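Thanks for coming, everyone. I'll walk through one structure today, sheet and ligand site both. Please have the viewer open.

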Amino acid sequence: MTADQMAALHAAAFTQSRPWSAAEFAALLDSPHCFATGDARAFALVRVIADEAELLTIATHPEHQRQGLARSCMADWMQQAASRGAAYAFLEVAADNIGARALYERCGFATSGQRRGYYARPDGPAVDAIIMSRALP
Ligand SMILES: CC(C)(COP(=O)(O)OP(=O)(O)OC[C@H]1O[C@@H](n2cnc3c(N)ncnc32)[C@H](O)[C@@H]1OP(=O)(O)O)[C@@H](O)C(=O)NCCC(=O)NCCS
């Protein structure tokens, strides 16, 4: 999947926050620590450093949501991260992102921290970030 495809999908899926540019995705994909999984319908971008994997972003195009695509990307990146040596995975999610939080819980993640007022919102008060984590097999 190219950086341009990722930027287009990210912009279509993220309506509450600033979309990431193709240049930002290209820079991340250039890093030997980062890898992506998925296709033009859904993808996840992950960074592995030492024994920790961080989910940087995940998105499913609105036309393809609730078809199990994100869950499949989650399973795939956790397996790839484990084979790169990660023993632990974490991510950040906005407290009001009910769908993503449900997805992560179904994928074995549990809340391990909170950052107050982390995500700015154009039409209201800032929203907390929830940090979720899990061990990798
Ligand atoms: C969150 C997101 C990636 C989920 O993608 P998806 O492909 O639709 O998710 P899946 O179909 O694999 O869903 C797997 C499970 O997650 C949960 N889930 C996913 N979306 C949900 C929603 N909107 N509401 C409640 N639960 C949801 C459900 O348990 C679902 O299983 P089910 O459909 O059998 O009930 C997608 O909604 C998205 O791109 N949102 C915008 C971007 C975003 O918020 N990314 C995460 C930032 S931290």
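Definitions before anything else. Two strands pair if DSSP finds at least two bridges between them. Strands are DSSP runs of E with at least two residues, helices are runs of H or I with at least four, and both are numbered from the N terminus.

Now the ground rules. This is a predicted model: local features need pLDDT of at least 70, side-chain atom pairs count only at pLDDT 80 or more, and totals for chains, interfaces and linings use all residues. Residues are numbered from 1 along each chain as its sequence is written, and side-chain values use heavy atoms, with hydrogens and water left out.

Start with the sheet. Six strands form an open sheet in the order S1-S2-S3-S4-S6-S5, and the pairing is mixed. At the edges sit S1, residues 34-38, and S5, residues 110-121; each pairs on one side only. From one strand to the next, the twist averages 25°. Angles run from 0 to 180 degrees between N-to-C directions, with axes as lines fitted to C-alpha atoms, for helices over the stretch in contact.

Look at the S1 end. A hairpin of three residues connects S1 to S2. The two strands run antiparallel, joined by five bridges. Cys34 has Arg47 in S2 as its bridge partner. Next, S2 and S3 pair antiparallel over eight bridges. Two residues separate them in a hairpin, and Ala50 in that turn has a positive phi of about 55°. Ile49 stands opposite Glu52 in S3.

How many residues of S2 are buried? Six of its eight, where buried means under 20% relative accessible area (1.4 Å probe, protein chains only).

What lies across S1, S2 and S3? Helix H1, residues 3-13, running at about 70° to S3. Helix H2, residues 22-30, also packs on the sheet; H2 touches S1, S2 and S3, and makes about 45° with S2. Contact here means heavy atoms within 4.5 Å.

At the other end, S5 and S6 run antiparallel with seven bridges. Ala110 is partnered by Ser133 in S6.

Finally, the ligand. 21 residues surround it, the closest being Thr60, Arg66, Gly68, Asn97 and Arg106; the cut-off is a heavy atom within 4 Å. Polar contacts are N or O pairs within 3.5 Å. A polar side-chain atom of Asn97 is 2.7 Å from a ligand oxygen. For the Arg106 side chain, an N or O atom is 3.2 Å from a ligand oxygen. Gln67 uses a polar backbone atom, 3.2 Å from an oxygen of the ligand.

Methods: A polar contact is a pair of N or O atoms within 3.5 Å; within protein, one must be able to donate a hydrogen and the other to accept it, and residues adjacent in sequence count only if both atoms are side-chain atoms. Buried means under 20% relative accessible area, exposed over 50%, partly exposed in between (1.4 Å probe, protein chains only).
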